[in-house]
Structures are given as structure tokens and as C-alpha cells.
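Trainee: Could you take me through one part of this structure in detail? I'd like a close look at a single loop and what surrounds it.

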Amino acid sequence: MLMRHDHRARQTRDIAVWLNNYDGIPARDVPERFQWTFPILVSKHDPRTIYATSQHVWRSSNEGRSWERISPDLTSPTRPR
């Protein structure tokens, strides 16, 4: 899960890159592999830009409203070195 909380407005919204729950979906059909404690980084240059990782690196430049994949599959054994 990845959520954004606005303390001033006391509102929380889901900003997850992908589905939050894969229950009942076979592992071979799960498109993104997030760990329980996947890395998340807020840009020190632009606080509206967020990075998150599965087997890919994702970037949002609008506080999590939409996400763009910015890397190849980093777990692939055939990736170029």
C-alpha cells in the first residue's frame, strides 16, 4: 500500500503504483512484484516527484495521481550490463 495523507485537510488517498491486493491471482499473472517494504523516495529537488520500486523503477511527478515506468525489469537475468 502507498497512501498520501493531507494533514491540513485530514484526508488520505491511495497513490499505489499498481493493485493493492493480488489475493487469488496466480503469481505468473501478477505484473508487478512489490516487496512488503519496497523503496520509496521523494525527490529533494521537487517534492511533488515520487519514486517507487517493484522490479521496475516508477516515477510520479504529480504526487501519485499517475505513474510512469522509467526502467527495464531490473530482475531479468538477460538485461544488458
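Mentor: Let's start with H56, which is buried, with a relative accessible area of 6%. Keep in mind as we go that this is a predicted model. H56 lies in the loop that runs between β4 (50-53) and β5. Its side chain is joined to the side chain of E32 by a polar contact of 2.9 Å. Setting aside neighbours within four places in sequence, H56 is in contact with E32, R69, S71, P72 and D73.

The loop between β4 and β5 also holds S54. With a relative accessibility of 15%, S54 falls under the 20% limit and therefore counts as buried. The S54 side chain makes a polar contact of 3.4 Å with the side chain of Q55. Beyond four places in sequence, S54 touches E32, R33 and F34. So look for E32 on both lists, since contact here means heavy atoms within 4.5 Å: E32 is touched by S54 and is in contact with H56.

Leaving out residues within four places in sequence, Y22 is in contact with V30, P31 and E32. Y22 has 19% relative accessibility and counts as buried. For a sense of distance, Y22 and H45 are 23 residues apart in sequence and 34 Å apart in space, taken from C-alpha to C-alpha.

Now for the strands on either side of our loop. They belong to an open sheet of four strands, ordered β3-β4-β5-β6 with antiparallel pairing. The edges are β3 (40-42) and β6 (68-69); each has a single partner strand, so one side of each is left without a neighbour in the sheet. Strand β5 (residues 57-60) pairs with β6 in the antiparallel sense over two bridges. Within that pair, W58 stands opposite R69 in β6, and R69 is also among the contacts of H56.

W58 leads us on to the largest nonpolar core, whose eight residues are L2, I15, V17, F38, I50, A52, W58 and W67. In soluble globular proteins, nonpolar side chains tend to be buried together.

Technical notes
Residues numbered from 1 in each chain as written. Predicted model: local features only at pLDDT ≥ 70, side-chain atom pairs only at ≥ 80, totals over all residues. Heavy atoms only, no water. Core = buried A, V, L, I, M, F, W, Y, C linked by side-chain atoms within 4.5 Å. Buried < 20%, exposed > 50% of the residue type's maximum accessible area, 1.4 Å probe, protein only. Pairing = 2+ DSSP bridges. Polar contact = N/O pair within 3.5 Å; in protein donor to acceptor, adjacent residues only side chain to side chain.
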